[in-house]
Amino acid sequence: MIRVIHEEHLFSDRFVAHMLKRNVRVEEDLADHISNSSEKRLARTLLLIARYGKEEPPEKIVAKISQETLAEMIGTTRSRVSFFMNRFRKLGYIKYNGGLQINRSLLRTVLRD
């Protein structure tokens with residue numbers, strides 16, 4: 001790997017850029033976990049999964065993901081995720097019937113306060 005990094009400059013540039021993006025994401029996740037409620041962490045995670053804020057257009061319908069997996073991702077219990085998902089659905093932020101549709105209005109949950 002060290003040899004390739006030294007010899008292949010294009011690969012080296014892409015590898016370093018990837019590692020820097022990954023490091024930023026880890027730092028954001030840590031700050032999110034420390035300073036935000038589990039409800040906000042769930043909203044942020046759903047928006048990240050749907051790719052809101054990325055260069056390409058967001059995906060309105062996301063592949064199936066279990067509430068247990070979401071709970072592990074945000075550091076809470078499945079029952080809390082279920083509670084928040086139901087709240088988000090009642091508020092019109094998300095829809096789920098066979099697939100998860102995430103509406104742009106979910107950004108309000110992350111941005112408020």
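Reader: At what angle do helix H2 and helix H3 pack, and how far apart are their axes?

Author: In this predicted model, where local features need pLDDT of at least 70, side-chain atom pairs count only at pLDDT 80 or more and totals for chains, interfaces and linings use all residues, H2 (residues 9–35) and H3 (residues 38–49) pack at about 155 degrees with axes 10 Å apart. Residues are numbered from 1 along each chain as its sequence is written, and side-chain values use heavy atoms, with hydrogens and water left out.

Reader: What makes H2 roughly antiparallel to H3?

Author: Angles over 145 degrees count as roughly antiparallel, and the angle here is about 155 degrees, so H2 is roughly antiparallel to H3.

Reader: Which residues of H2 and H3 meet?

Author: Arg25, Glu28, Asp29, Asp32 and His33 in H2 meet Arg41, Arg44 and Leu48 in H3, where contact means heavy atoms within 4.5 Å. By class, this contact has 1 nonpolar, 1 polar and 6 charged residues.

Reader: Why is H3 called roughly perpendicular to H5?

Author: The axes of H3 and H5 (residues 78–90) come within 10 Å and cross at roughly 70 degrees. Angles of 65 to 115 degrees count as roughly perpendicular, so H3 is roughly perpendicular to H5.

Reader: Which residues make that contact?

Author: Ser38, Glu39, Leu42, Ala43 and Leu46 of H3 and Val81, Phe84, Met85, Arg87 and Phe88 of H5 make the contact. By class, the contact of H3 with H5 has 7 nonpolar, 1 polar and 2 charged residues.

Technical notes
Axes are lines fitted to C-alpha atoms, for helices over the stretch in contact, and angles run from 0 to 180 degrees between N-to-C directions. Helices (H or I, at least four residues) and strands (E, at least two) are DSSP runs, numbered from the N terminus. Angles under 35 degrees count as roughly parallel, over 145 as roughly antiparallel, 65 to 115 as roughly perpendicular and the rest as oblique. Ala, Val, Leu, Ile, Met, Phe, Trp, Tyr, Cys and Pro count as nonpolar, Asp, Glu, Lys and Arg as charged, and the others, Gly among them, as polar.
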